[in-house]
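Have a look at the structure on the screen, and then I'll walk you through it.

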Amino acid sequence: MRKITIDPVTRIEGHAKIDIYLDDQGHVADTRFHVTQVRGFEKFCEGRPFYEMPSITARICGICPVSHLLASAKACDAIMGVAPPPAGIKLRELIHCAQFVQSHALSFFHLSAPDLLLGFDSDPARRNIFGLIEDNPEMAKAGVALRKFGQEIIEGLAKERVHPSWIVPGGVNAPLAADVRSRILAGLPAARALAERTLEFFKTVLDRFAEEIENFGSAPTMYAGLVNESGGPDWYDGLLKFQDADGKTLAGGIRARDYQRFIGEASLRDSYMKAPYFKPAGYPAGVYRVGPLARLNVAGAMGTPAADRELVEFHQRAGGPAHSSFHYHYARLIELLHGLEKIEVLLNDPAILETHVRSHAAVNCLEGAGMIEAPRGILIHHYKVDEQGAIRWVNMIVATGHNNLAINRAVGQVARHFIEGENVKEGMLNRVSAVVRAYDPCLSCSTHADGTLAMVVTLIAPDGTVVRRIG
Amino acid sequence: MRKARLATVWLDGCSGCHMSLLDMDELILNVAKRADVVYGPLVDAQEFPKAVDVTVVEGAVSSQEDLEKIRTIRQRTKLLVSLGDCAVTGNVPAMRNSHPARKMLERIYIEGAQESRVVPTDGVPALLRHAVPVHEVVKVDLHVPGCPPSAKAISYVLGELLDGRVPDLTAKVKFG
């Protein structure tokens with residue numbers, strides 16, 4: 001038995017390594033995906049005032065702080081028993097769409113495009129965004145510009161791009177200025193053009209990746225996403241729906257407060273990332289996926305014209321629900337376009353400029369849960385407080401966690417298909433990393449949970465015998 | 001002129017400092033012209049290379065793996081920069097420091113799970129007792145606070161360092 005370790009898995013958001021075990025014939029016998037960073041938010045937030053939670057939990061992730069701010073603020077809304085004013089909700093939706101644009105741009109252009117455009121087998125020293133700048137400056141610049149467009153909207157609304165303090169329990173803390181609205185609208189056509197061009201380009205190269213599409217985590221699973229009453233995606237306030245691999249609804253209309261009836265969590269001995277599962281199916285059978293691919297699979301329609309056309313084509317190409325994890329990229333680009341369309345719709349609603357944007361209240365309920373679609377999938381924050389509003393208990397289920405079991409399986413499938421024999425080439429290993437990249441995992445998010453502080457103190461006697469081991 | 005060798009490292013942080021680095025937007029293209037990024041979450045190197053000119057570190061030192069990594073990095077780097085409040089003070093990762101380990105473990109992996117209730121121990125690094133700022137374990141040449149530091153501050157720091165000057169950060173950065 002021989003072990004190959006990929007450490008770290010590069011061009012992902014977080015800390016992970018992969019162990020691949022080869023048997024004596026050089027066949028892949030087993031693979032392990034280890035998430036190696038741990039935090040501790042669920043414990044150290046206990047005792048803090050609930051209204052600090054958005055700002056603290058934003059620090060779970062610098063890529064999608066807006067997602068944590070929103071899920072946390074929604075949990076706080078529930079604790080206060082209030083709904084934000086209509087403009088407060090629209091502004092939260094707007095910043096959320098901007099976050100999808102910047103985060104999806106980062107995932108596609110900065111992290112995965114080097115594999116797709118420079119090649120899985122290309123020189124690893126240049127297989128990155130900087131290599132892309134030299135080789136395909138137009139594509140690299142499109143990525144920089146789209147990410148910037150999303151980040152500038154966040155900055156325009158919230159004053160800061162990373163960890164803004166604008167999203168608060170009860171709404172947001174300042175209305176939208178008319179000049180900011182005009183500025184964003186002025187930038188939209190150029191951003192739309194870049195998104196559409198990239199999507200068209202991606203579709204032209206899909207055929208080159210037939211082998212990857214076939215073997216990149218292509219086993220059917222259940223899917224979960226948040227949908228509105230007409231069955232379309234609602235990233236900010238949809239109700240949770242689970243469907244099976246053939247597209248049949250298993251459970252729907254699930255509110256944040258009821259998530260525990262449908263989602264269980266399992267701990268894994270070899271990863272700091274827990275593994276949620278669909279409770280009615282049990283563990284480990286209850287594997288489901290979330291994120292762009294899952295959202296497009298559960299959505300009846302997107303609800304915006306350009307993305308709706310793309311959704312039809314997406315399902316035509318996949319011949320129904322798309323199961324290959326390679327198609328996360330494709331789905332992500334369609335969502336990027338949808339996000340830009342939604343931004344336009346929201347900005348053209350005159351109510352977006354209303355100045356009443358925040359509801360005020362003290363603690364009215366001792367428990368609250370908030371659920372949204374983060375760019376990587378469903379994000380749930382669930383808090384219990386005492387009557388003074390001090391946090392007593394926290395649970396968070398984070399987008400990438402839902403995909404944990406599926407990522408593990410996908411890693412195994414890719415390794416078994418592409419790795420064979422004694423002469424293991426770098427490009428083979430890069431494909432194993434690349435299937436992880438397709439999920440755009442955010443491991444800093446998923447390991448907010450605390451792990452082991454396994455410091456061992458050993459007391460050794462002068463003669464070398466171990467007297468006592470503490471740890 | 002030889003291109004500088006630049007590395008970026010993400011220890012126990014949220015990647016917000018790396019995002020702020022990318023928030024330099026088009027200016028990142030200029031950095032790419034002047035320096036080779038030889039290690040970091042954006043590139044594919046598996047091992048920290050030798051003879052790096054500047055390494056920018058985000059995050060606190062929290063696990064045994066972080067500690068070993070930062071010691072190697074220090075040996076192989078001319079100028080080590082602590083970027084952001086977690087690297088500079090411990091910040092949010094250090095909020096765990098006042099809690100005993102075992103209770104936290106049980107809270108998350110035993111109480112916080114309905115199936116397979118085990119504490120992870122295989123193939124994952126042990127944590128240090130406390131998450132600590134980088135300068136507590138190795139010598140740091142420059143501290144750039146902020147949660148995260150602004151893109152403007154990062155751009156200025158990199159520009160000055162690549163020009164061979166020590167940046168004067170007076171009035172350019174703040175904590176938080």
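**Chain contacts, a helix pair and a sheet**

So, 53 residues of chain B are in contact with 55 residues of chain A, where contact means C-beta atoms, placed from the backbone, within 7 Å. Quick caveat: this is a predicted model, so local features need pLDDT of at least 70 and side-chain atom pairs count only at pLDDT 80 or more, while totals for chains, interfaces and linings use all residues. Residues are numbered from 1 along each chain as its sequence is written, with chains lettered from A and ligands numbered from 1 in the order in which they are written.

On the chain B side, helices H1 (16-22), H2 (27-34) and H5 (101-111) and strand S6 (127-132) each give two or more residues; helices are DSSP runs of H or I, at least four residues, and strands runs of E, at least two, numbered from the N terminus. That side divides into 30 nonpolar, 11 polar and 12 charged residues (nonpolar: Ala, Val, Leu, Ile, Met, Phe, Trp, Tyr, Cys and Pro; charged: Asp, Glu, Lys and Arg; polar: the others, Gly among them).

Now chain A. Its sheet is open, four strands in the order S8-S7-S6-S11, with mixed pairing; to pair, two strands need at least two DSSP bridges between them. The edges are S8 (249-254) and S11 (288-289) of chain A, each pairing on one side only. Strand S6 (222-227) of chain A pairs with S11(A) in the parallel sense, over 2 bridges. And who faces A:Arg289 in S11(A)? That's A:Tyr223.

Note on methods. Two residues are in contact if their C-beta atoms, placed from the backbone, lie within 7 Å.
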